[in-house]
Amino acid sequence: MTVFGIDLGRSAARLAWPAGGPGAATGTAGSVAVPAAVRFAGPDETLVGEDALRPPAGPASPAGPAGAADAAQVFVPSVRDLLVRSAEAADADVRAFERTYSPESVAALVLAELATRARAATAGQVRDVVLATPTGFGVGPGAAQRRAAEEAGLAVKGTVLAPVAVCLHYGAVGEGVNQNLVVCDVGAGGREISALLVREYLVDLVPVPHLAEDLVAAVRAAGAAIGGPDLDDLDAVLLAGDGATEDVAVRLEEALGVPVRRAEPETAVANGAARSASFGFLRVNTSGAPTSSPRPDTYQSPVADVDDPEPATSRRPPASFEQRIGRTSPPAPPPYEEPPASSSSSPPPRAETVLPPRTEHVPPRATSSAPADTGPARPQPVAALHAVRREDHALLTWIWPPDCVNSVVRWRIGTSDDGRSGETVCSRRVYEHEGGFLLRVGLTESLFTVEALVPGAHPDPGPPSSVALAALPPTVRYALTVTRGRRRTGRVTLTADTDCSFPTIDVVLSEGRYLPRGAHEGEVVHRIAGARLAQRTPLTVEFPVPRFRGPAWLVCFPADPADSLVELLPESLHRLKVG
Amino acid sequence: MPLLRKLTRTPLAPKPLTCPYCYERFPIRDILFRCNTRMSRTGRRCVAKTDGILEERTGNRRELGPVFSADGRKTTAVCPDCASETRYRVCPVCHSQLPTQFGLVDNLLIAMVGSKDSGKTVYMTVLLHEVMNRIGARLDASLLAADEHTLSRFRLNYEESLYAERRLPTTTTSAGTRDGRVDPLVFRFSVRRNGPIRQAPVHTLLSFFDAAGEDLVSQESVDLNTRYLANADGVLLLLDPLQMPGARQSAAPDTRLPGVGARYDTSVGVLTRITDMLLSQPGLLNRGLIDVPVAVVFPKLDAFRHRLRRGSPLTVEPPAGPRFDVADSLDVHTEMMGLLRDWDGVQIDQVMANNYRRYRYFGVSALGANPTSDAEVAQTGIQPYRVADPFVWLLSELGAVGREGRG
């Protein structure tokens with residue numbers, strides 16, 4: 001299901017979808033927009049978008065506290081401002097024609113119209129969305145925006161800060177990227193300027209000084225916060241919003257001497273929000289205290305002097321999965337040992353660890369008796385993080401800090417190209433009742449991070465604790481049956497999860513009560529030559545089975561155990577008993 | 001065969017009941033009643049006083065109403081002294097108050113035995129906690145304490161201690177030091193079963209008797225528990241691999257090893273004495289083999305996790321279906337047979353094969369990790385692994401839960 005991005009701007013709301021989404025036949029990216037205005041024109045007439053902006057036929061009054069306008073038309077010029085006001089004022093409801101509308105329900109009208117237009121444009125279903133929220137939007141308006149989206153029939157899959165979404169739009173976050181950026185969102189209703197330190201998958205939002213009236217001066221001030229007074233360390237300015245015209249880009253570039261990126265700025269926020277759904281690990285620090293180390297000199301790009309460097313340009317060769325998780329490829333496990341899990345409870349080296357996103361987490365509604373006056377719960381690394389592989393499941397365990405009732409668990413399963421990622425809040429109660437955190441991970445490599453949400457913890461605790469599980473080797477499973485009768489025939493069926501080559505296999509018959517430990521405890525009754533095995537395409541081999549009396553086992557062993565790159569496992573242990 | 005004995009063997013003859021507290025057998029009509037000492041309609045009231053039999057059998061010195069006999073097949077009776085109607089039914093032998101529905105629903109007695117320091121109490125606590133929570137959700141079943149004493153005792157002495165205070169329990173008191181008394185925990189296990197027309201809950205009373213390891217170090221001490229073992233419907237036999245010579249050497253480094261010496265015993269020794277005792281009970285034999293289902297549980301599996309090869313059923317997440325998974329259980333049984341051969345030779349397996357008709361091996365880990373040297377649970381908490389498998393197998397053998405597959 002495609003996830004759409006929504007930017008509920010001050011003057012207009014926009015919904016975007018990525019390439020390959022429901023853009024139907026073309027499969028191209030696209031977007032739709034609607035002015036973020038609502039007019040209650042009559043007892044049964046509510047106008048949304050362009051219709052709401054048209055001059056009214058009768059008397060109109062701006063939206064105000066409940067009861068302000070019962071008889072006249074009520075005009076809401078910006079539903080976003082209404083949502084912001086709902087967090088500040090207790091009486092932000094809109095009253096029109098003797099009806100009262102909550103700010104969320106008014107905003108939902110705009111979002112519903114947006115979804116309708118998107119459905120018409122894509123001829124597809126529009127349900128899952130990621131909402132972009134401006135910096136400083138606050139928890140209250142953010143929650144109201146989410147409720148509005150849900151009231152509009154949308155399923156909110158997540159939220160992302162608008163400047164971070166802009167970075168994602170420009171591909172300015174990712175492996176090997178180390179950039180100091182200013183994001184300038186210029187809209188009809190105002191401007192928002194943010195300074196960001198991007199260190200691969202970690203984004204620090206740096207507080208900017210009071211913004212000047214002049215756009216150039218404001219951007220310069222923001223750039224100075226991260227790039228020095230002469231903006232020497234500022235890599236680029238990213239433009240977003242309807243007001244980010246070509247003229248603005250030229251003016252900024254000439255005045256600042258810094259590359260200014262402008263590519264479809266009007267859809268930058270919504271498009272970035274849509275991209276964030278499939279982006280995977282991303283950690284955003286909004287505490288104001290930088291968590292990232294200074295840009296590593298060793299990774300300075302040889303193309304740093306290029307006039308207009310691409311923000312997404314990788315400044316070092318892509319690292320392997322093992323390098324990124326801070327270790328080398330594990331040696332092949334010995335036959336009776338489980339593949340080791342690498343664990344680090346202390347902050348791992350910055351340049352080697354993929355860090356997940358961190359957002360300000362509001363713990364779920366009171367699940368414990370934790371004191372309320374200790375401040376908001378902040379993420380903090382956990383001690384003794386450990387992962388145990390149970391074939392296609394992983395069990396995570398860690399030490400819970402005192403007073404902590406929730407932890408954030410994030411994971412990436414598989415490689416970055418075809419992997420999937422996710423996060424959840426694990427409550428202490430569930431952890432203790434279920435004996436850890438269990439997740440189905442398949443047989444591929446996996447990376448996990450865990451942060452405890454601790455009330456009153458230090459705002460800058462460092463990176464989350466991380467642990468990795470190595471991938472399991474390709475597996476060939478076999479099932480053995482023996483037909484009864486005068487001439488016994490054995491049948492081995494081999495199947496594999498992935499395309500692979502299996503080695504020469506000895507089928508061993510062992511008489512006795514106990515499962516043979518190796519081929520030396522029985523008689524080789526058949527040898528299957530090594531061959532290629534296609535994924536989920538069974539290979540069946542038949543062979544005569546000599547006579548035996550009493551309990552007996554038929555087991556497959558690699559003819560040369562040292563020559564095996566695949567694991568040879570029985571489908572069922574007890575079914576190997578044939579007598 | 002005498003006619004009376006023949007009659008008692010017919011299916012229509014009422015099955016004798018076994019008290020879940022003292023494990024004595026009696027017919028249902030022998031159940032006694034205890035006056036509730038409330039004012040009756042006649043204005044009379046019985047005086048509560050200490051029950052001598054109850055005190056002698058269980059050590060309970062509480063002042064209670066007098067015991068009187070009435071038709072034990074009924075659930076209520078009228079006190080002959082005060083005319084008050086009472087619902088308190090008591091065991092005719094030990095005078096313990098019987099659980100609600102006793103005699104009306106299945107009554108299964110499960111004895112747990114094992115060598116000293118094998119972790120029986122920890123295992124039982126985690127098992128019951130799991131059945132009350134995770135496994136209960138899996139089986140769509142509930143487990144409730146059947147009496148106030150069990151409720152408070154399990155919560156305070158077992159669950160709170162292990163889960164909240166993270167302390168391992170101290171050594172269980174020997175029956176020998178308590179005048180031969182034991183103190184079972186009695187629960188009501190309810191599970192939804194598919195009937196011919198609709199799903200209906202099926203209730204079973206479960207009595208858990210945790211024998212002290214010290215009670216199994218000599219034949220004389222085993223005899224103290226004869227009544228409990230002989231009348232049990234199923235036995236959980238814990239054999240500690242860390243007390244087996246081959247396994248001790250291959251345990252993970254820093255594993256807390258149980259003691260050795262005269263106060264301790266080998267697993268074979270414990271199994272031999274229990275087998276001897278059960279063989280001496282003629283009613284338990286079927287074609288020369290002991291018919292009571294015995295789940296042979298090898299705890300502390302976490303100490304050997306590093307030794308298990310890939311593909312072992314003890315390295316995978318156990319099935320989470322609502323029924324007992326026979327194929328998975330047989331895989332574990334096969335795997336444990338192999339491990340047992342490496343740990344302690346084939347003696348245990350041969351004893352089981354030649355003396356028991358229904359038995360199965362299980363590998364479990366109650367804590368999931370090595371406890372600390374201060375006898376505390378690891379700081380990462382309790383991660384039980386397969387602890388309920390033996391219990392669910394016993395219940396499936398006794399018909400209390402369904403099973404998936406044959407075997």
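Predicted model: local features only at pLDDT ≥ 70, side-chain atom pairs only at ≥ 80, totals over all residues.

A: Helices (H or I, at least four residues) and strands (E, at least two) are DSSP runs, numbered from the N terminus. Residues are numbered from 1 along each chain as its sequence is written, chains are lettered from A and ligands numbered from 1 in the order in which they are written, and side-chain values use heavy atoms, with hydrogens and water left out.

Of the 407 residues in chain B, 54% are buried (under 20% relative accessible area; exposed is over 50% and partly exposed in between, with a 1.4 Å probe and protein chains only). Where contacts in chain B (heavy atoms within 4.5 Å) join residues with a separation of 6 or more, 74% of them link residues 24 or more positions apart.

One backbone detail of this chain is found at B:Gln101, which has a positive phi of about 75 degrees although it is not a glycine. B:Gln101 sits in the loop between strand 9 (88–90) and strand 10 (106–114) of chain B, and with a relative accessible area of 28% it is partly exposed.

The next subject is the salt bridge (a side-chain nitrogen of Lys or Arg within 4 Å of a carboxyl oxygen of Asp or Glu), and over all chains the count comes to 38. In chain A, one of these bridges joins the side chains of A:Arg527 and A:Asp506, at 2.7 Å from N to O. A:Arg527 belongs to strand 31 (residues 523–528) and A:Asp506 to strand 30 (residues 505–511) of chain A, so this bridge ties together parts that are 21 residues apart in sequence. A:Arg527 is exposed, at a relative accessible area of 53%, whereas A:Asp506, at 6%, is buried.

In chain B, the side chains of B:Asp291 and B:Arg358 meet in a salt bridge of 3.9 Å, N to O. B:Asp291 lies in the loop between strand 16 (289–290) and strand 17 (294–298), and B:Arg358 in the loop between helix 11 (347–355) and strand 19 (359–363), so the pair ties together parts of chain B that are 67 residues apart in sequence. B:Asp291 counts as partly exposed, at 21% relative accessibility. B:Arg358 also forms a salt bridge with B:Glu397, where the closest N and O atoms are 3.2 Å apart. This second pair again links distant parts of the chain, as B:Glu397 is in helix 12 (residues 389–397) of chain B and is 39 residues apart from B:Arg358. Through shared partners, salt bridges join B:Asp291, B:Arg357, B:Arg358, B:Glu397 and B:Arg403 into one network.

We can now turn to the interface with the other chain. The contact takes 36 residues from chain B and 38 residues from chain A. The area buried between them (the accessible area, with a 1.4 Å probe, that two parts lose on being put together, summed over both) is about 3100 Å², and carbon and sulfur atoms give 50% of it. Across this interface there are 6 salt bridges, including the one in which the side chains of B:Asp342 and A:Arg517 meet at 2.5 Å, N to O. On the side of chain A that touches chain B, the elements giving two or more residues are strand 20 (383–390), strand 21 (393–399), helix 10 (428–434), strand 27 (475–483) and strand 35 (567–570) of chain A. Strand 21 of chain A provides the largest share of that side, 5 residues.

B:Thr380 is placed in the loop between strand 19 and helix 12 of chain B, and at 13% relative accessibility it counts as buried. If neighbours within four places in sequence are left aside, B:Thr380 is in contact with A:Ala384, A:Thr397, A:Trp398, A:Ile399 and A:Tyr431.
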